[in-house]
Amino acid sequence: MSSVDFRDNLLGISWVDSGWVPILNPGNVLDYFSERSNPFYDRTCNNEVVKMQRLTLEHLNQMVGVEYILLHAQEPILYIIRKQQRQSPTQDIPLADYYIIAGVVYQAPDLGTVISSRALSAVHGIQSAFDEAMSYCRYHPSKGYWWHFKDQEEREKNKPKTKKKEEASSLFQRHRVDTLLLDLRSKFPPTFYQPKPGEKPIPVEVKKEPEPPAEAVKQEEREPATKSSAPAPPSKPPPEKRARLQ
């Protein structure tokens, strides 16, 4: 960083002299602040003139220009020093505030810098979130837009594989199968059945129709023969011939 940038932007730096820290008090804190190594101190201020002339700080009210005053003191940890432009004994314009915490000097940011910093932080966070969201966005002409997260592939790999469910059969297929099963059952009836799971199968008793006696069979065989040998009904006789008269 160049010397010009260093002098213009003092919000990001701090200064401390460890030799002064144990003895700091409201009476010597301005002398501590006016050390030559302190980058926050302006050598052209009225405090430097009073110090060179060995005058008291009360003479600052009678002068015009830049000066430093002790604005607030909370011993032994906190001191606030103000830089202001003296225009008259009763009129001054604040220029900057500096706070000393445990001997470390910082420049207090102004309101514009605070608002700008907060707005920049918010915009940076929104931009980072938008960039990260865009990195997960995918597009294909046939599928359209979808989200593809980095840990999605890992979750899919660690996910237990499940068997794909077979498609259910249609009503027509079920009806045809039931018909075939009934047909097979009627042709090949079961020889055993099990009343309850785990019990011993019991043979199925197949009831056979009683065979007709031999005499009835012979009689049935004879009946068609007699029926076939029965005489045909008499046909109509020819008409009688009448005698011709002479």
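**Backbone features of the loops and a hairpin**

In this predicted model, Arg54 is found in the loop between helix H3 (46-52) and strand S1. The backbone of Arg54 adopts a positive phi of about 55°, although this residue is not a glycine. With a relative accessibility of 78%, Arg54 counts as exposed, because the threshold for that class is over 50%.

The peptide bond leading from Glu75 to Pro76 is cis, and its omega angle is near -5°.

The remaining features concern strands S3 and S4. Strand S3 (91-101) and strand S4 (104-107) are separated by a loop that contains Ala102. The two strands, S3 and S4, run antiparallel and are joined by four bridges. Within this pairing, Ile100 stands opposite Val105, a residue of S4. Together, S3 and S4 form a hairpin with two residues between them.

Ala102 belongs to the turn of this hairpin. Like the arginine described above, Ala102 is not a glycine, yet has a positive phi of about 55°. The relative accessibility of Ala102 is 40%; Ala102 therefore counts as partly exposed, a class that lies between the limits of 20% and 50%. Arg54, by contrast, is assigned to the exposed class at 78%.

Conventions. Residues numbered from 1 in each chain as written. Predicted model: local features only at pLDDT ≥ 70, side-chain atom pairs only at ≥ 80, totals over all residues. Heavy atoms only, no water. Buried < 20%, exposed > 50% of the residue type's maximum accessible area, 1.4 Å probe, protein only. Pairing = 2+ DSSP bridges.
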